[in-house]
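Here is a friendly walk through a two-chain model. Have a look at it first, then read on.

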Amino acid sequence: MRATSKWLSGSSFRNFFDAVFHKEFVGRRSDKLLRRRVLVLVAALALVAQAPIAAEWVRHWLPLAKDGIHDPKSPALKVLQDPAAALSRLPADRVGNQVNWVAALEQGVINPRTNILPETKVRILDTDILLNLRGGTPIVRFPHRQHTLWLDCSNCHEHLFQSKAGANKFSMERILQGEQCGVCHGAVSFPLTACARCHNTPRDKPLPAAAVRGS
Amino acid sequence: MLTRLMMLIALGAALAAAPAEAEYADVVLNNRSEKEGVRPVIFSHWFHRIRFRCKVCHDELGFKMRAGANDVRMVDISNGKFCGMCHNGQIAWGAERCDLCHSGRSGLKSRIHGGHETLGPGRW
């Protein structure tokens with residue numbers, strides 16, 4: 001914030017301000033304080049307008065024609081559904097698609113198919129794994145249930161993670177590079193800026209007894 | 001005066017230009033499309049995951065979880081593989097409706113888009 005104020009009162013912005021408002025402002029030292037206050041107010045309003053506060057969080061999705069990747073001339077745009085039409089009906093989130101996809105599933109708002117081939121075995125595992133047991137950040141309680149609601153075991157095991165608890169070496173650096181958890185988180189599932197969703201278990205309290213200790 | 005005018009224009013442009021961003025997890029497939037004379041494919045995860053769990057495409061259909069890593073050919077789709085598992089005129093529209101999938105702007109690279117929170121140092 002300090003850096004922002006400094007930038008706002010910098011000479012370039014002052015020039016801009018003078019150009020927009022009145023030339024007489026320039027050089028009148030008595031107006032300097034007023035001018036700075038107005039600047040701070042304008043900056044604050046701009047910030048508020050960009051990031052709505054918690055209570056008034058409004059979800060917004062760009063229509064396909066304006067999303068920067070669809071060709072505005074494509075005939076598909078007359079047929080395809082815009083994100084807002086579908087996503088505005090689903091449980092809200094602040095990040096990603098602005099949809100809490102696990103909540104959507106658990107609340108029964110959506111019921112996506114689990115398989116196409118009749119012979120596919122739908123596997124759900126309900127075991128939590130505690131990770132990052134020796135790190136500095138809060139412990140990660142990894143829930144298999146929510147993951148297997150969406151995914152099959154083979155999507156993560158054994159090429160990303162070994163099934164044996166404690167056998168995996170995790171690294172935030174690798175995750176941020178799109179490896180390990182970062183194959184999905186940060187790309188399709190909720191992004192890596194939502195630290196506390198994974199680092200969700202305090203270190204100074206008794207650990208959940210049912211959970212398995214990993215690495 | 002000129003400097004001030006330029007600054008005004010620059011600031012005006014910055015404020016007016018609404019960020020055009022793909023929806024989170026949109027995938028562009030363009031390893032082959034434009035070379036073959038059609039628009040790149042836009043695959044939207046949000047639309048598909050309302051209808052199918054990840055495991056359907058990433059386990060049953062065999063899509064690797066890395067944008068650009070799947071060598072998807074139209075002949076495979078027509079033969080019921082990859083997208084063709086559903087896009088067969090029964091579960092979803094058939095492969096003859098080219099434009100509905102091949103709907104991207106020209107020049108897009110195969111990659112995952114729309115990570116408005118993490119466009120970070122990774123390979124995305």
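First, some ground rules. This is a predicted model, in which local features need pLDDT of at least 70 and side-chain atom pairs count only at pLDDT 80 or more, while totals for chains, interfaces and linings use all residues. Residues are numbered from 1 along each chain as its sequence is written, and chains are lettered from A and ligands numbered from 1 in the order in which they are written.

**Confidence**

For the complex, the predictor gives an ipTM of 0.82 and a pTM of 0.77.

**Chain A**

Chain A has eight helices and four strands, these being DSSP runs (helices H or I, at least four residues; strands E, at least two) numbered from the N terminus. Their order along the sequence is α-α-α-α-α-β-β-α-α-α-β-β. Of its 215 residues, 20% are buried, a label for residues with 20 or more other C-beta atoms within 10 Å of their own, C-beta atoms being placed from the backbone. Among the contacts in chain A with a separation of 6 or more, 48% link residues 24 or more positions apart.

The domains below have bounds from an automatic or database domain assignment.

| Domain of chain A | Residues |
|---|---|
| Domain 1 | 2–51 |
| Domain 2 | 57–89 |
| Domain 3 | 128–213 |

The centres of domain 2 and domain 3 of chain A, taken over C-alpha atoms, are 32 Å apart.

Now for the strands, which pair if DSSP finds at least two bridges between them. β1(A) (residues 128–131) and β2(A) (residues 139–143) run antiparallel and are joined by four bridges. One of the residues involved is D128(A), whose bridge partner in β2(A) is P143(A). β2(A) also runs antiparallel to β3(A) (residues 199–201), with two bridges between them, and I139(A) stands opposite T201(A) in β3(A).

**Where the chains meet**

How many residues does each chain bring to the contact? Chain A gives 50 residues and chain B gives 46 residues. On the chain A side, α2 (11–20) and α4 (83–87) are the elements that give two or more residues, and α2(A) has the largest share, with four residues. By class, that side has 27 nonpolar (Ala, Val, Leu, Ile, Met, Phe, Trp, Tyr, Cys and Pro), five charged (Asp, Glu, Lys and Arg) and 18 polar residues (the others, Gly among them).

**Nonpolar cores**

A nonpolar core is a set of buried Ala, Val, Leu, Ile, Met, Phe, Trp, Tyr and Cys residues joined through C-beta atoms within 7 Å. The largest one has 25 residues, and A25(B) and V28(B) have the most contacts inside it. β1(B) gives the most to this core, with three residues. Why does this core lie between domain 2 and domain 3 of chain A? It does so because both domains give residues to it. Leaving aside neighbours within four places in sequence, V28(B) touches residues including I69(A), P40(B) and I42(B). A second, separate core has seven residues, among them W150(A), C156(A), F52(B) and V56(B).

Technical notes:
Contact = placed C-beta atoms within 7 Å. Buried ≥ 20, exposed ≤ 12 C-beta atoms within 10 Å, placed from the backbone.
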